[in-house]
Amino acid sequence: MSVGLFVDEVFLQHQAPAEHPERPERLAAVREALDAAGIPARTTRTAVRPATDEEITRVHSAAYLGELARDLPGRRGYLDADTFFSPESFDAARKAAGAAAEAALQALSGQSPRSLVLVRPPGHHAEAGYAMGFCLINTVAVAAAAARAAGAARVAIVDWDVHHGNGTQHIFETDPDVLYVSIHQWPFYPGTGAAHEIGRGAGRGATLNLPLPARSGDLEYVAAFTQVVVPALRAFKPDLILISAGYDAHGQDPLGGMRVTTEGYRKLTAALRGLAAEVCGDRVVLVLEGGYDLHGLSSSVLASAEVLLAAEAPRAPDSPDSPGSPADAGLARPVLAEVRRALAGHLGF
Ligand SMILES: [Zn+2]
């Protein structure tokens, strides 16, 4: 079974007018690390296509798409204090979303059950009607909606970027068939993602937030995955797992305040790959979000890539009651208890 690799030069052409942490060098460093490890030769590289208007307007308003199409191409500027655009940015954002949608469709068709979607700009802060936090189009949301439109009954998005994915949560918060799980630093930008935010209306119980205190590291993240994320995904039974994969919880990251290591990211990826093998035919698509330390980012993406390329999936962590699961959740302990209380009656809690 082949693993898809979605990369394109256009993702290096999205550039801020001045110095900015979300820079093309991020992706260049990732590609260099993957090249040095021989990853591309072990994957199937697929030509990247722009997301169609239909794909984008499943999650964004037509008015917002119209504004982007009118105002961005060929120009430079800012859509908010952080969110820049350059002449190629609209093309890059559209192709990022198209790549993620295509990876999701290829996972469902069986062509490539797993894919690495290595794109810029990131997407998870982009709301239905406006850009935010370095994000123009919500890449992972476009992919989730594409999977649903292609017949997936349920899609899970796991967002381990250090920032809460406000856009993704809001886009799907009333939808019971798209589970949004976010583990993030709290309190922190953008201010959303409290444990009591569990979805609205028909979507109650299909949003799961793990707001961890600053300085949380591998111990807290692995405990959160073992005790909460994996059991919740097991109960939800998705047809596809999308990872909103930000690497800014890495201990070396200049924006985040967490202490996850490269080996920690390997473990998180292994938990989700193991779960995908168990519940959804090994279908898992990794979509790059943040991550601003070039070494922390590139070594961690490589670790994730190695897990997704391994011939055999690892075993997913056991349920919380099984022997062998870590009892010590460190700084995460009160948060995990709060999350279980908030979700009582949902997702097997
Ligand atoms: Zn981030």
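Helices (H or I, at least four residues) and strands (E, at least two) are DSSP runs, numbered from the N terminus. Residues are numbered from 1 along each chain as its sequence is written. The model is predicted: local features need pLDDT of at least 70 and side-chain atom pairs count only at pLDDT 80 or more, while totals for chains, interfaces and linings use all residues.

**Figure 1. Overview of the protein chain, with 10 helices and 10 strands.** The radius of gyration, taken over C-alpha atoms, is 18 Å, close to the 20 Å that the globule rule (2.2 Å times the number of residues to the power 0.38) gives for 349 residues, so the protein chain is as compact as a globular protein of that length. Along the principal axes, the C-alpha atoms fill a box of roughly 55 × 45 × 40 Å. Of the 349 residues, 58% count as buried, that is, 20 or more other C-beta atoms, placed from the backbone, lie within 10 Å of the residue's own; 12 or fewer make a residue exposed, and values in between make it partly exposed.

**Figure 2. Confidence along the protein chain, given as pLDDT.** This score is the predictor's confidence in each residue, from 0 to 100. The average is 96, and 97% of the residues score at least 70. Over residues 319–324, however, the pLDDT is below 50, and this stretch has five contacts beyond near neighbours in sequence; a contact requires C-beta atoms, placed from the backbone, to lie within 7 Å. Where pLDDT is low, the predicted coordinates should not be read in detail.

**Figure 3. The open sheet of eight strands.** The strand order is E2-E1-E5-E10-E9-E6-E7-E8, with parallel pairing; two strands pair if DSSP finds at least two bridges between them. Strand E2 (44–45) and strand E8 (207–212) are the edge strands, each pairing on one side only. Helix H7 (residues 218–236) packs on the sheet and touches E6, strand E7 (178–185) and E8. The direction of H7 makes about 175 degrees with that of E7, where axes are lines fitted to C-alpha atoms, for helices over the stretch in contact, and angles run from 0 to 180 degrees between N-to-C directions.

**Figure 4. Strand E9 and its two pairings.** Strand E9 (residues 240–245) joins strand E6 (residues 155–159) over five parallel bridges, and Val155 has Leu240 as its bridge partner in E9. E9 also pairs with E10 in the parallel sense over five bridges; there, Val287 is the partner of Ser244. Leu240, Leu242 and Ser244 point one way from E9, Ile241, Ile243 and Ala245 the other way, and all are buried.

Figure 5. Buried residues of H8 include Tyr265, Leu268, Leu272 and Leu275. Their cover includes E6, H7, E9, strand E10 (284–288) and helix H9 (294–309). After H8 comes Gly281, with a positive phi near 65 degrees.

Figure 6. Arg49 lies in the loop between E2 and helix H2 (53–56) and is partly exposed, with 15 other C-beta atoms within 10 Å. Helix H4 (residues 89–109) is mostly covered, with 18 of its 21 residues buried.

Technical notes: Two residues are in contact if their C-beta atoms, placed from the backbone, lie within 7 Å.
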